[in-house]
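Some terms in a structure description rest on cut-offs.

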Amino acid sequence: MDWQALALTLKLATVTTAILLVIAVPLAAWLVLGRGRWLAVLEALAALPLLLPPTVLGFFLLVLLGPRTAVGRGITAFLGHPLAFSFSGLVVGSVIYSLPFAVQPLVAGFAAVEPALVDAARLLGAGPSRLVLSLLVPLARRSLLAAAVLSFLHTMGEFGVVLMLGGDIPGATRTLSIVLYNQVENFDYAAANRTAAILLGLSVAALAAIYAGGRTRGGARA
Amino acid sequence: MLEVALDARRGSFHLQIECRLASEWTVVFGPSGAGKSTLLRLLAGLDRPDRGRIALDGSFLTDSALGLWLKPGPRHTSMVTQQPALFPHLSVASNVAYGLGSLNRASRARRVEEMLDLVGATDLPGYNVRQLSGGEAQRVALARALAPQSRLLLLDEPFSALDGAASDALLARLQPWLKQHRVQTVLATHDATDAFATCAEVALLRGGRLAALGPAAEVLASERDRLIGRLARG
């Protein structure tokens, strides 16, 4: 068992989920409460990774973050190393790739909050951040939970973006999906079965634990 | 003094109104669909007019010519609607305290207590709002709207869940408090009893237009004459 890859995968999923929630909560609130036709364009962009093949997204990011573009050169100069083929690069790719999985449940949850409650909070002086933190997030906490679970599990099983953008560097970019791919390529099906079982077990356990927590809290509310 | 000159289209409905509401207590009276709620939402800053201006005591809240439109919070305007819209995840006391962020904890607690006492809901502060009856919820919504001591209070059929006696008793406690705190109040209702019982200035709305504005007795008399005239014409 590649414990290093397992630890790296969990770390990547945790960091990605945390960053995604910080980005997705205000973005979803903006999409729901904002006005203007261009918001539809923003929503489409946020959903684009759903339709883009992961390898294509990984390739675009590899080119964008590489030494041939001004963005890539700027980032390399700022960080002192290129983002491609590093853990930080994987985080960037994962955040973009999993963005719709965080944004969509939050948009649905925030949109379900009664407009009269939003009006009441605005009349009582709530600005955008208070509106989100004191009203939308507490009332849409199940959507927040769903966004976190989906982002975490989607990142855990990520393959195309990771391979294109990170390659296969042990301890830096080799995640469990890459390990599984290597094991299958080497016809080591026994090891591949173990790796697949771990990925499957982690996914089921995370889903069950988090939904059980949500169910308990939901029961207490009633 | 509330000065209003508004032009707002909502689908096929067109609200066009120009008036000066000088009384501390004005009742906007009219049938359903006359534009009462639309007017109150525009006054509150929840919606923007196509054109026009709103000024309260000489300060502009909205002036489309200047591109001025104050958001609801900075308008210092409170509103209570038929739907209490209490925050379901907060207790009664937390709901009432929601708009009191600028006060310290002790002052906030005092104000909450004072407001709940004013609306006759002193036994409710620890309750979950889901446990409240319709009438209790409307009292708490009123307490929440009064707590920040806004300059303008907008009431859109806020006592619909209270019976006549309870509504009268609440109004009797409320009106001296509003007068003492110099809060200008606009009450929208389709109920003639509400409109004329408070001996207030009445603005009669019909089809998005101001049909009459004046003391309750005068508006009532002109409305009665109009109805008698219509009946006489068959």
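Predicted model: local features only at pLDDT ≥ 70, side-chain atom pairs only at ≥ 80, totals over all residues.

The questions and answers below go through confidence, strand pairing and the chain contact.

Q: How do you know where confidence is lowest and highest in chain B?
A: pLDDT is the predictor's confidence in each residue, from 0 to 100. Helix H6 (residues 192-197) of chain B has the lowest mean, 70, and helix H2 (residues 92-97) of chain B the highest, 96. Helices here are DSSP runs of H or I, at least four residues, and strands are runs of E, at least two, numbered from the N terminus.

Q: Why are S8 and S9 of chain B called paired?
A: Two strands pair if DSSP finds at least two bridges between them. Strand S8 (residues 152-156) and strand S9 (residues 184-189) of chain B have 5 bridges, in the parallel sense, so they pair. B:Leu152 stands opposite B:Gln184 in S9(B).

Q: What makes strand S7 and strand S11 of chain B edge strands?
A: The open sheet of 6 strands has the order S7-S8-S9-S3-S10-S11 (chain B). S7 (77-80) and S11 (209-215) of chain B each pair on one side only.

Q: What counts as contact between chain A and chain B, and how many residues take part?
A: Two residues are in contact if their C-beta atoms, placed from the backbone, lie within 7 Å. The contact takes 14 residues from chain A and 16 residues from chain B. H6(A) gives the most to the side of chain A that touches chain B, with 6 residues.

Note on methods
Residues numbered from 1 in each chain as written. Chains lettered and ligands numbered in written order.
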